[in-house]
Amino acid sequence: MAASVLGLAGAAAIVVPSMSAGASTAELVVDYACTGGVAGTGSGVVNLRTKVTIPTTLNVGDPLNIGWDLNYKDVTRFGAPALLPNGGKIEVTGNVQLSGAWEGVLKPMGNVDQEAPLVKGTPLKLPEGISDFAHTDRVGVVKVTPRKLFVDFRPPASEIMVNDDDLGITYSADWDDLNDQLSQNNDYHLDLHRTTKAGAWASYTFTGTGVEYVAQKDQRAGPVDIFIDGVAGTPPRIDPSKNDDGTQVNDANKGGQTLWRFRGLPYGQHTITVTNVEDGKWGQLDAFRVITRELVNPPKEYRAECNLVSAPVSVNVNIGEGGTAPTSPDSSPSADPSGSGDPSTSPSTSSSATPSGSTTPTSGNSSSPTTTGNGSTSTPTDSKLTSVVVLGSPTPTATTTITLPATTPTAAQVKVTPKGGAQTGEAPEASRASAALLIGSGGAMMIGGAFSGIVLLRRRAAHANDRSRTV
C-alpha cells in the first residue's frame with residue numbers, strides 16, 4: 001500500500017493511505033506541550049506526540065470517526081499529584097472543531113488506570129488512544145481541526161492510615177516517641193507519640209476530603225484543640241479522659257480509638273493540627289486516617305492543559321450521497337494524467353489557505369484509451385483524486401496529490417455496435433455486383449422453370465396420342 005506524506009515545517013505531518021476513494025483517511029501527526037496539573041507534579045512541561053486519524057470521504061449515514069493515538073514524545077512525564085496507595089486514573093479529553101457543512105465540537109475521550117501504589121511524582125501512563133464520532137445526515141464538506149488536549153487525574157475513593165512516626169508529620173518540642181507498646185493496648189503499629197507540655201503540637205498536611213484523629217482513651221489524658229487549615233475544627237476541642245456524656249472514663253491505654261473526625265472537605269490539600277492544652281496531662285497521637293470520597297469530577301487542580309506546538313492543521317471531509325462525494329469549493333487539486341508523478345498543485349503560502357481532504361473525479365478528457373489483449377479498445381472510467389492540503393502554517397513544505405485508479409470500470413470495456421440482423425432491424429449493406437448476380441440468378445431460374453413446363457406438356461400430349469391409337 002503506497003502512501004503520501006505531507007510535511008508541515010515545525011508542526012505536523014500528514015499521511016494519506018492510497019486506498020480506494022471510499023476508504024481514504026488522513027493521519028495528522030501533531031505535537032503538544034502540556035503544563036499545569038499533573039504536568040507540574042511530573043516534569044513541569046510534558047511533551048506529547050499524537051496522531052489524529054480522520055476519514056476524508058464518507059457517504060451520508062456513515063459515522064465521522066475521529067481516532068487519536070497518544071504517546072510521550074521524549075523523557076518528560078506526567079507525575080502522580082500526591083501519596084496514593086490505591087493508585088488512580090488518567091483521563092484524556094481531546095477537542096476537535098467542526099465547521100463548514102455544520103458547526104460543532106467533538107470531544108474524544110479515553111482513560112487508563114494507574115498501578116498502585118503511587119507516591120508524589122510517580123510517572124503516569126497515558127491511554128493508548130481516545131476517540132469520538134459524529135453522525136452524518138446530509139451532503140456537504142466538513143472541515144475538521146484538532147485543538148487542545150486536556151489531561152486529568154482522578155484519585156480513587158480511599159481510606160489511608162498515617163502512623164504517628166510518618167515523616168510527613170511535624171512535631172514541636174517535648175514529644176516522646178513510644179515504640180514497642182503492648183499489643184493489648186491496640187495502638188496502630190504498636191507505637192505512639194505523647195507529650196505532657198501545654199502548647200505542644202503535631203501537624204500533618206494531607207490530600208483528601210476528610211480526616212480522623214486516632215489516639216488512646218485514658219483517664220490520665222487531657223483536652224486537645226484541633227485546627228483544620230488554621231481554623232478551629234468542629235468540635236474545636238476534645239477530651240480523651242471523658243465519655244461522650246462528660247463523665248470520667250475508667251480506661252487506661254485503650255488505643256486505636258477514633259477521637260475526632262471531619263468529613264466533607266473539598267478535595268485537595270489540607271492541614272490538621274492537634275495541640276495539648278494542659279500541663280501534666282497526656283496529649284497523644286497514634287495515627288491520622290485520611291479519607292477520600294468518590295469524586296464526581298476529576299479535581300481541577302490536577303488538570304494539565306496541552307497546547308499545539310505550532311499552528312493548527314485541518315482536513316476537509318467530503319460527504320456524498322450514494323457514493324458521490326461533493327467537491328470542496330475551496331480546494332483545487334490537480335494531477336498529471338500521464339502518470340509522471342509530478343503533481344501540479346502547490347499549497348498557498350498564505351496563512352488563510354483552506355485545507356482540502358476531498359476526493360474529486362478528474363475530467364473525462366484526462367483518461368486515455370488502452371488496448372486489451374484481444375485487440376479491442378478499452379476506455380477506463382475517470383480516476384479519483386485524493387488531495388489533502390495542510391492549513392495553518394505559512395511554510396508547508398510539500399503537497400502531494402494521489403491519483404487512485406478505479407478498480408472496477410463502470411463502462412463496458414469493448415463497445416459493440418452490430419449492423420444488420422435481429423439485433424438492430426437494419427438490412428445488411430451489399431455491393432452492386434452482388435445485386436446484379438442475384439437478379440441474373442433469379443431470371444435464369446424463371447426461364448428454366450418455363451422450359452421445364454413446356455417439356456412436360458409435350459410429354460403428356462404424346463402420351464395421350466399413343467393411347468388413342470391403341471383404342
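The legends below describe an overview and two close-up views of a predicted model. Residues are numbered from 1 along each chain as its sequence is written, and side-chain values use heavy atoms, without hydrogens or water. Local features need pLDDT of at least 70 and side-chain atom pairs count only at pLDDT 80 or more, whereas totals for chains, interfaces and linings use all residues.

View 1. Helices (H or I, at least four residues) and strands (E, at least two) are DSSP runs, numbered from the N terminus. Of the 471 residues, 41% count as buried (under 20% relative accessible area, 1.4 Å probe, protein chains only).

**View 2. C34 and C306 form a disulfide.** The sulfur atoms of C34 and C306 lie 2.0 Å apart (a disulfide is a pair of cysteine sulfur atoms within 2.5 Å). The link is right-handed, with 110° about the S-S bond. It joins C34 in strand β3 (residues 25–35) to C306 in strand β22 (residues 304–308), 272 residues apart. C34 counts as buried because its relative accessibility is 0%; for C306 the value is also 0%, so C306 counts as buried. A search of the whole structure finds one disulfide.

**View 3. T145 sits in strand β11 (residues 140–154).** T145 counts as buried because its relative accessibility is 4%. Beyond neighbours within four places in sequence, T145 is in contact (heavy atoms within 4.5 Å) with N95, V96, Q97, P312, V313 and S314. The side chains of T145 and S314 are joined by a polar contact of 2.6 Å. A polar contact is a pair of N or O atoms within 3.5 Å; within protein, one must be able to donate a hydrogen and the other to accept it, and residues adjacent in sequence count only if both atoms are side-chain atoms.

How values were computed:
Buried means under 20% relative accessible area, exposed over 50%, partly exposed in between (1.4 Å probe, protein chains only).
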